[in-house]
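Hi,

Could you have it open while you read?

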Amino acid sequence: MKKIALSLAVAAPMAVNAETIEIEKPEFYGKINVAQEFVQQKDAGNLAQLNSNASRLGVKGTIDLDAGLTGIYQAEFEMYPDDGDKDSDRTFAQRNTYIGIKSAYGTLQAGIFDTPFKKAQKKVDLFNDLQGDIKHIVSDSENRAKNSVQYTSPEFAGLTATVDHINSEDEEINNGLSASLAYQRGDIYLAYAYDTDVSDEGTEAQRVAGQYSIGLVQLGALWETQDDGVDSKDGWMASAKVKVASKVSLKAQYGASDIKEEGGVTYSLGADYKLTKVAKTFVYATSEESDDESVNAQYYGVGLEYKF
């Protein structure tokens, strides 16, 4: 990351002293992902729609502090290149935004960001941000929590622990807690995560996720359970990705869960074609079914993604 040199002039009797301070230049980044999608609904008519799939703009960086500390910050906003104000009256919606401090003893940050429970899935969900995303059928705990204070430990023997305290800011509502323990060693990834009072007060959730890469094949699986004190429901999903050529990858994913919908089942097939290191085009097909036939539908799409 480039640095910017600043000269500060300090006035004093009979002299002017100039001090040069170097700060890290903030990194500007973004992603635009847009797909043309066709929807076949079981109990309604067919429709066509242009979707923005979590397109975003952001800025992040670090600041050297005293005592071996490093300041970190990020401000990220979702944008909607399809219609400009999807689901709101704003062109931008806040995503992961925080301020924090990093040291040899771990990282402490505060703001709004994905919970450890959500991040524990890593890249097991191959259709993340598309209709095949596990948040539509498999899970009700893919949360980005506000008013959060989070600690992440240093890595030790491949293990990293993360604990997130989520302030309710209401004396009558419990504070939330989200935590995870993840293991990463080479091509093996395993994680356990726990939530309480995050999705809803009095609701607990647990998640186990794993991912393994061997050669040109990436395999992933996830199991989750949710208990609101009255009912206990669970769900699972499995995914596979195969690189069949230098620029082409095929993907498949299947999930079944009662957490979002009773008898919920989702399966997706797709392919990615890499245009460059930071650009790709893709196609996908997703089917969603449940006991409530009004939500049953098939989705077919083709899209383009640029990262910068």
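This is a predicted model: local features need pLDDT of at least 70, side-chain atom pairs count only at pLDDT 80 or more; totals for chains, interfaces and linings use all residues.

**What turned up**

Asp-228 counts as partly exposed because its relative accessibility is 39%; the classes are buried under 20% relative accessible area, exposed over 50% and partly exposed in between, with a 1.4 Å probe and protein chains only. Residues are numbered from 1 along each chain as its sequence is written, and side-chain values use heavy atoms, with hydrogens and water left out.

**Overall picture**

The protein chain has one helix and 20 strands. Those are DSSP runs numbered from the N terminus, with helices being H or I of at least four residues and strands E of at least two. Along the principal axes, the C-alpha atoms fill a box of roughly 85 × 45 × 45 Å. Of the 308 residues in the chain, 38% count as buried.

One of its members, Tyr-192, is in strand β13 (residues 188-196) and is partly exposed, since its relative accessibility is 36%.

**Salt bridges**

Side chains of opposite charge can pair when their charged atoms come close. The rule here is a side-chain nitrogen of Lys or Arg within 4 Å of a carboxyl oxygen of Asp or Glu. How many salt bridges does that rule give? The count comes to 13.

- Glu-293 and Lys-42 meet at 3.5 Å, N to O. They are 251 residues apart, with Glu-293 in the loop between β19 (279-289) and β20 (297-307) and Lys-42 in the loop between β3 and β4 (47-52). Glu-293 is partly exposed, at 39%.
- Lys-260 and Asp-140 have their closest N and O atoms 3.6 Å apart. Lys-260 lies in the loop between β17 (248-257) and β18 (264-276) and Asp-140 in the loop between α1 (116-119) and β10 (144-152), so this pair ties together parts that are 120 residues apart in sequence. Lys-260 is partly exposed at 34%, and Asp-140 is partly exposed at 27%.
- Lys-118 pairs with Asp-114 at 3.3 Å between the closest N and O atoms. Is Lys-118 buried or exposed? Lys-118 is buried, because its relative accessible area is 17%, and Asp-114 is buried at 13%.

Salt bridges also link Lys-31, Arg-56, Asp-129 and Glu-305 in a network. Glu-305 has another partner: its side chain and that of Asn-33 make a polar contact of 2.8 Å. Such a contact is a pair of N or O atoms within 3.5 Å; within protein, one must be able to donate a hydrogen and the other to accept it, and residues adjacent in sequence count only if both atoms are side-chain atoms. Asn-33 is in strand β3 (residues 27-41) and is buried, given its relative accessible area of 5%.

**Backbone notes**

Asp-129, one of the network residues, has a positive phi near 75 degrees without being a glycine. Asp-129 is in the loop between α1 and β10 and is partly exposed at 22%. Ala-157 also has a positive phi, about 55 degrees, and is not a glycine. Ala-157 sits in the loop between β10 and β11 (159-166) and is partly exposed at 46%.

In the loop between α1 and β10 there is also Ala-120, which is buried at 4%. Its C-alpha atom is 10 Å from that of Glu-142, 22 residues apart along the chain.

Cheers
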